[in-house]
Amino acid sequence: MARIAIGGFQHETNTFSSISASFADFEAPDAWPGLTRGGAMLEAVTGINLPAAGFLQEARSLHHELVPLAWCSAQPSGRVTRAAYEHISALLLEDLQRAGGVDGVYLDLHGAMVAEHVDDADGETLRRVRALVGPGVPIVASLDYHANVSTLMARAASALVSYRTYPHVDMAECGAQSARLLQELLGRPRPAFALEQLDFLMPLTSQSTLVEPMSSLMDRARRLQHAPLLSVCLMPGFPAADVADCGPSAYACGFSDAAAREAVADIAREVRAREHEFALELYSIEQAILVTTRHAAPRGRPLILADTQDNPGGGGNADTMSLIKALVASGSRDVLAGVICDPEAAARAHAAGEGALVELQLGARAGTTGETPLAARYKVLALGDGRFTGTGPFYRGGRFELGPMALLEVGGVRIAVASRKQQAADQAMFRHLRAEPAEYAVLALKSSVHFRADFGPIASRILVVEAPGPNVADPAQLPFARLRPGMRTSPRRR
Ligand SMILES: [Zn+2]
């Protein structure tokens with residue numbers, strides 16, 4: 001039995017977003033728990049598809065004594081404020097210090113956190129934890145599929161483990177793997193590692209492991225992970241980050257320097273050979289409406305429009321209305337859209353009551369350039385308190401707290417509205433408002449890829465639509481200034 005500290009600090013930072021992540025954002029629960037410490041932390045994460053939860057379960061079955069530190073996450077947004085980063089970093093270190101001697105440390109990190117004052121915030125967190133526990137204590141960190149991995153992160157940790165799926169249905173499994181890996185490192189020398197940062201940015205919507213090329217590239221990484229190697233990862237990175245370590249990377253660690261280097265070189269070579277397959281396929285709103293009007297969705301198999309650029313899972317605000325306006329204007333019927341974040345509209349709908357008609361200026365509150373609300377008379381079809389549990393493979397077990405919610409109808413379009421922003425990646429977000437997604441002809445979802453886990457199986461066709469929003473789908477359109485030399489902002493086409 002070993003004493004193992006467990007903590008977490010997750011944020012995916014879109015440095016092009018002007019809305020920063022404050023300490024209050026980390027304190028508030030969403031689909032995942034708010035900031036939690038001590039024994040309460042162990043309870044708060046249990047049962048959710050989260051790395052910390054998978055780690056806990058596995059470490060318990062290995063009969064380790066668990067020492068809980070702080071755990072928190074905030075919705076993707078602009079940089080984490082200096083105050084929030086320093087406060088949470090201090091909590092983690094304070095809890096670790098108070099724990100006394102530990103035999104190992106596990107951290108549930110994202111890998112693409114950027115703070116106001118530190119570009120490589122996850123590297124800095126690992127560096128501080130390493131400085132506190134010393135060189136001999138193994139530190140294992142799990143990372144998101146979208147981690148922008150730095151040399152500092154790889155050097156400060158004993159081992160890194162990342163998700164292998166996008167949609168991330170294996171977050172808990174990644175935590176469990178981290179526990180097994182930490183077990184192997186107890187009492188052993190620090191493993192060797194190899195890291196290769198690749199030289200082109202991969203658009204998010206081209207990264208899904210449900211389709212090629214990532215499907216077979218991930219299989220390749222998985223197959224390379226065997227003794228003497230402990231972890232072999234391909235991380236496509238989070239492209240909306242103007243920092244030197246932004247971009248895809250291949251990582252391996254284990255008890256053979258040569259094997260780690262070979263595995264990483266193998267993955268990097270294969271990614272380069274398939275670079276052209278990462279080129280984007282996007283539909284304009286006009287093209288999407290044209291397809292919508294011609295597409296005859298079989299019953300129970302809607303057409304899905306992914307409103308990717310306003311995906312709150314990538315730093316969007318879930319309130320741009322251009323795609324929904326076009327659907328209303330085109331006279332489309334049986335459309336279900338959302339989830340729009342508009343606390344004021346939700347409050348007005350609650351005040352009016354189910355069945356009432358309300359005049360609303362819906363959406364466009366975050367000030368995205370050129371966006372205006374959809375002013376109309378809406379029928380309030382259903383109301384909810386925003387508290388429900390995720391049922392899909394991605395948000396499984398997540399205890400949502402989205403504040404007052406409403407299902408509003410205008411023309412042939414029904415719009416789910418919430419008081420807090422959350423990526424539309426779980427059918428429970430609509431069922432909470434008595435709307436069954438499969439019964440609609442068209443779904444317009446504020447999500448880039450994660451929706452595919454729960455909605456993919458019911459879709460007759462999926463289009464990724466380039467409607468306005470801060471989560472720019474094509475990294476080549478972003479005004480980068482700090483990428484490393486030689487980095488290309490879009491994949492080469494053949
Ligand atoms: Zn991710």
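Predicted model: local features only at pLDDT ≥ 70, side-chain atom pairs only at ≥ 80, totals over all residues.
The domain assignment divides the protein chain into domain 1, residues 3-278, and domain 2, residues 285-473. The centres of the two domains, taken over C-alpha atoms, are separated by 31 Å. Domain 1 contributes 24 residues to the contact and domain 2 contributes 28 residues. On the side of domain 1 that touches domain 2, 13 residues are nonpolar, ten are polar and one is charged.

An open sheet is formed by five strands in the order β2-β1-β3-β4-β5, with parallel pairing. The edge positions are held by β2 and β5 (159-162); each has a single partner strand, so one side of each lacks a neighbour in the sheet. From one strand to the next, the twist averages 15 degrees. Strands β4 and β5 run parallel and are joined by four bridges. Within this part of the model, Leu 143 is placed opposite Ser 162 of β5. Helix α4 (residues 82-98) packs on the sheet and touches β1 and β2, and the direction of α4 makes about 175 degrees with that of β2.

Helix α3 spans residues 51-61 and is mostly covered, with eight of its eleven residues buried. The buried residues are Pro 51, Ala 52, Ala 53, Gly 54, Phe 55, Leu 56, Glu 58 and Ala 59. The elements that cover them include the strands β1 (3-10), β2 (65-73), β3 (104-109) and β4 (139-143), together with the helices α2 (38-45) and α7 (171-185). Just after α3, His 63 adopts a positive phi of about 65 degrees.

Ala 192 lies in strand β6, residues 192-197. Ala 192 is partly exposed, because 17 other C-beta atoms lie within 10 Å. When residues up to four places away in sequence are not counted, Ala 192 touches Cys 253, Gly 254, Ser 256, Asp 257 and Ala 260. Arg 155 is 37 residues from Ala 192 in sequence, and the C-alpha atoms of the two residues are 9.4 Å apart.

Strand β16 (residues 413-418) is largely enclosed by the rest of the structure, since six of its six residues are buried. Val 413, Ile 415 and Val 417 point one way from the strand, Arg 414, Ala 416 and Ala 418 point the other way, and all are buried. Strand β16 pairs with β10 in the parallel sense over five bridges, and Cys 341 stands opposite Ala 418 of β16. Pairing between β16 and β15 (residues 405-410) is antiparallel and also involves five bridges. Here Glu 409 is found opposite Arg 414 of β16. The hairpin of β15 and β16 has two residues between the strands, and Gly 411 takes a positive phi near 60 degrees there.

Arg 333 is located in the loop between α11 (322-329) and β10 (335-341). Arg 333 is exposed, because 12 other C-beta atoms lie within 10 Å. Its contacts, not counting residues up to four places away in sequence, are with Gly 412 and Ala 441. Arg 333 and Ala 435 are 102 residues apart in sequence, with a C-alpha to C-alpha distance of 15 Å.

Definitions and conventions:
Residues numbered from 1 in each chain as written. Domains from an automatic or database assignment. Contact = placed C-beta atoms within 7 Å. Nonpolar A, V, L, I, M, F, W, Y, C, P; charged D, E, K, R; others polar. Buried ≥ 20, exposed ≤ 12 C-beta atoms within 10 Å, placed from the backbone. Pairing = 2+ DSSP bridges. Axes fitted to C-alpha atoms, helices over the stretch in contact; angles between N-to-C directions.
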